[in-house]
Amino acid sequence: MSDVSQPAAHPPVTDWVHDFDHTDPQWTEDPFPIWDELRAASPVVHTNRFLGCYLPTTYDAIREIANDTEHFSSRRIIVRDVRKEIAKNAAPPITSDPPMHKPAKQLLLPPFTPDAMKKLEPRVRAICNELIDDFIADRQVDAAARYTKHIPVRAIAHMLGIPESDSDLFVNWIHMILELGIKDESMLLQAVHEMSAYFSAHIEARKNKPTDDLISYLMNARDKEGNPLEDSHVLGSLRLLLIAGIDTTWSAIGSSLWHLAKTPVDRERLVAEPGLIPTAVEELLRAYSPVTMAREVVGETMISGCPVKPGNMVLLSFPAANRDPKMFPDADKVVIDRRENRHAAFGLGIHRCVGSNLARMEMQVALEEWLKRIPDFRLDPAGAVTWSQGTVRGPRQLPFLLGKAM
Amino acid sequence: MTERLRVHVDPDKCQGHARCKALAPELFDLDEYGNAHEAGDGTVPPGLEDKAWLAKSNCPEIAIDVIEE
């Protein structure tokens, strides 16, 4: 590809309503007041950055776009400085539109049902405890580096049938694709290339010696006509599972622990009432939704009374939808026993996250095991919490002090 | 006499979030893709009315109806 761009410096944002930028440090650090400001201004705002991009700000506008696959395509799902050519089989089904979407999605769904996740749960519980064993004797820990980061990647590696010890490779590729890749095309291409080579080798090995894992499952899958999937489709779906399955849940577990570290009343309640953890997980997913998706406008239409024109991207901020006070009473508060919670953390419409049952199980298990063994912890005032930039938001450094405060 | 409730999942709206199955496992079942449908004919046994309303109010796709009969 000839249009490999250099990393571009983005000028700081001074006018959020007309010039928003989800890679601005202010957004990374604390996006919530920005969303409130934009929502008060309009249900849909626009920026000329990223070659033109809309941001719907209300739950209703976001739901409308998620359900309108006629005017909004998923062929591009990350808002970047550049728009590279659209690759065939980029990462189906997340990058697929109807009518290609449904068969690609149905292929991936059976391995991720709640029942399938129950079988994986003991392994995830063991992973959590192995990680905790490594640092529980210390008085302090970076929970992002030592705990949250490793749980989803090891679980998905286990499902795919690739060595859990390759985890660091995967984490690095994801970082290059989802964060550095927004502004530096060459990083993105390098990571995709390395990842494809890695999985191609695993696919080749299974052609002679099939295994009982997700890679073999995809290779054995047949379409309606009884034909196997093209290698590029298998590769695209594997890429998707790795990219979508790691950063996202890592972020969700991290934000949850961050909240509990700074909110003793919620932490003590969950320690005393572990049965409330599944309900709390839903609320933490709502309040700190990690994933912002994107669409490309492919037909002119109106969204919540605002005109939307082709040629622009749409930053589909499910996290902002989940903070809309019209939809959620006390939207800016974490209410860990919230009973009615139609949050959109896993998206809405046909692109509902394939891994939502996996993510929920990982979050519940990660919180249960942590709270069982480390009921007392707090933010380390000597350290700094840092947040990832861009499409997936969660803590990347999470310095905690363990044990009761002296 | 209290009224009887029946739940129904609109299969065109359900996207398989599976919140109903988590909150009211007695009232909903999932197919092999994880998409939900009402258990049996959807009749809500006495004592499970709260769970029926809870499932409805937590469905992100607004796919669940609770019908008062």
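The peptide bond that links Pro92(A) to Pro93(A) is cis, with omega of about 5°. Keep in mind that you are looking at a predicted model.

**Backbone features in the loops**

- The loop between β3 and α5 of chain A also holds Pro99(A).
- Pro98(A) and Pro99(A) are joined by a cis peptide bond too, with omega near 0°.
- For background, most peptide bonds are trans, and most residues other than glycine have a negative phi.
- Asp330(A) is not a glycine, yet has a positive phi of about 50°.
- You will find Asp330(A) in the loop between α15 (318–321) and α16 of chain A.
- Asp330(A) counts as exposed, because there are 9 C-beta neighbours inside 10 Å and the cut-off for exposed is 12 or fewer.
- In chain B, Ala18(B) has a positive phi of about 70°, although Ala18(B) is not a glycine either.
- Look for Ala18(B) in the loop between β1 (5–9) and α1 (19–23) of chain B.
- Ala18(B) is buried, because 22 other C-beta atoms lie within 10 Å and 20 or more is enough to count as buried.

**Helix α8 against helix α6, chain A**

- Helix α6 (residues 114–135) of chain A packs on helix α8 (residues 150–160) of chain A at an angle of about 140°, and their axes are 10 Å apart.
- At that angle, α6(A) is oblique to α8(A).
- The crossing of α6(A) and α8(A) is right-handed.
- On the α6(A) side, the contact is made by Leu120(A), Arg123(A), Val124(A), Ile127(A), Cys128(A) and Leu131(A).
- On the α8(A) side, their partners are His150(A), Ile151(A), Arg154(A), Ala155(A), His158(A) and Met159(A).
- Sorted by class, the residues of this contact are 8 nonpolar, 2 polar and 2 charged.

**Helix α8 against helix α12, chain A**

- α8(A) also packs with α12(A), at an angle of about 150° and with axes 8 Å apart.
- That angle makes α8(A) roughly antiparallel to α12(A).
- α8(A) and α12(A) cross in a right-handed way.
- From α8(A), the contact takes in Ile151(A), Pro152(A), Val153(A), Ile156(A) and Leu160(A).
- From α12(A), the residues are Leu241(A), Leu242(A), Gly245(A), Ile246(A), Thr249(A), Trp250(A) and Ile253(A).
- The contact of α8(A) with α12(A) has 10 nonpolar and 2 polar residues, and no charged ones.

**Helix α12 against helix α16, chain A**

- α12(A) packs with helix α16 (residues 356–373) of chain A at an angle of about 40°, with axes 10 Å apart.
- The crossing of α12(A) and α16(A) is right-handed.
- α12(A) brings Gly245(A), Thr248(A), Thr249(A), Ala252(A), Ile253(A), Ser256(A) and Leu257(A) to the contact.
- α16(A) meets them with Leu358(A), Ala359(A), Glu362(A), Met363(A), Ala366(A), Leu367(A) and Trp370(A).
- This contact of α12(A) with α16(A) is made up of 9 nonpolar, 4 polar and 1 charged residues.

**The nonpolar cores**

- In soluble globular proteins, nonpolar side chains tend to be buried together.
- The largest nonpolar core here has 117 residues, and Ile62(A), Ile156(A), Val314(A) and Leu316(A) have the most contacts inside it.
- Helix α12 (residues 231–262) of chain A gives the most to this core, with 16 residues.
- Setting aside neighbours within four places in sequence, Ile62(A) is in contact with Pro56(A), Leu316(A), Ser317(A), Phe318(A), Ala321(A) and Ala344(A).
- Another core, of 16 residues, lies apart from the largest one, and includes Val9(B), Leu23(B), Leu27(B) and Ala52(B).

**Where chains A and B meet**

- Chain A puts 20 residues in contact with 16 residues of chain B.
- The side of chain A that touches chain B has 9 nonpolar, 7 polar and 4 charged residues.

- Leu169(A) belongs to helix α9 (residues 167–178) of chain A.
- Leu169(A) is partly exposed, with 17 other C-beta atoms within 10 Å.
- Leu169(A) and Ala66(A) are 103 residues apart along the chain, and their C-alpha atoms are separated by 33 Å.

How values were computed
Residues are numbered from 1 along each chain as its sequence is written. Chains are lettered from A and ligands numbered from 1 in the order in which they are written. This is a predicted model: local features need pLDDT of at least 70, side-chain atom pairs count only at pLDDT 80 or more; totals for chains, interfaces and linings use all residues. Two residues are in contact if their C-beta atoms, placed from the backbone, lie within 7 Å. Ala, Val, Leu, Ile, Met, Phe, Trp, Tyr, Cys and Pro count as nonpolar, Asp, Glu, Lys and Arg as charged, and the others, Gly among them, as polar. Axes are lines fitted to C-alpha atoms, for helices over the stretch in contact, and angles run from 0 to 180 degrees between N-to-C directions. Helices (H or I, at least four residues) and strands (E, at least two) are DSSP runs, numbered from the N terminus. Angles under 35 degrees count as roughly parallel, over 145 as roughly antiparallel, 65 to 115 as roughly perpendicular and the rest as oblique. A crossing is left-handed if the near helix is turned anticlockwise from the far one by less than a right angle, and right-handed if clockwise. A nonpolar core is a set of buried Ala, Val, Leu, Ile, Met, Phe, Trp, Tyr and Cys residues joined through C-beta atoms within 7 Å.
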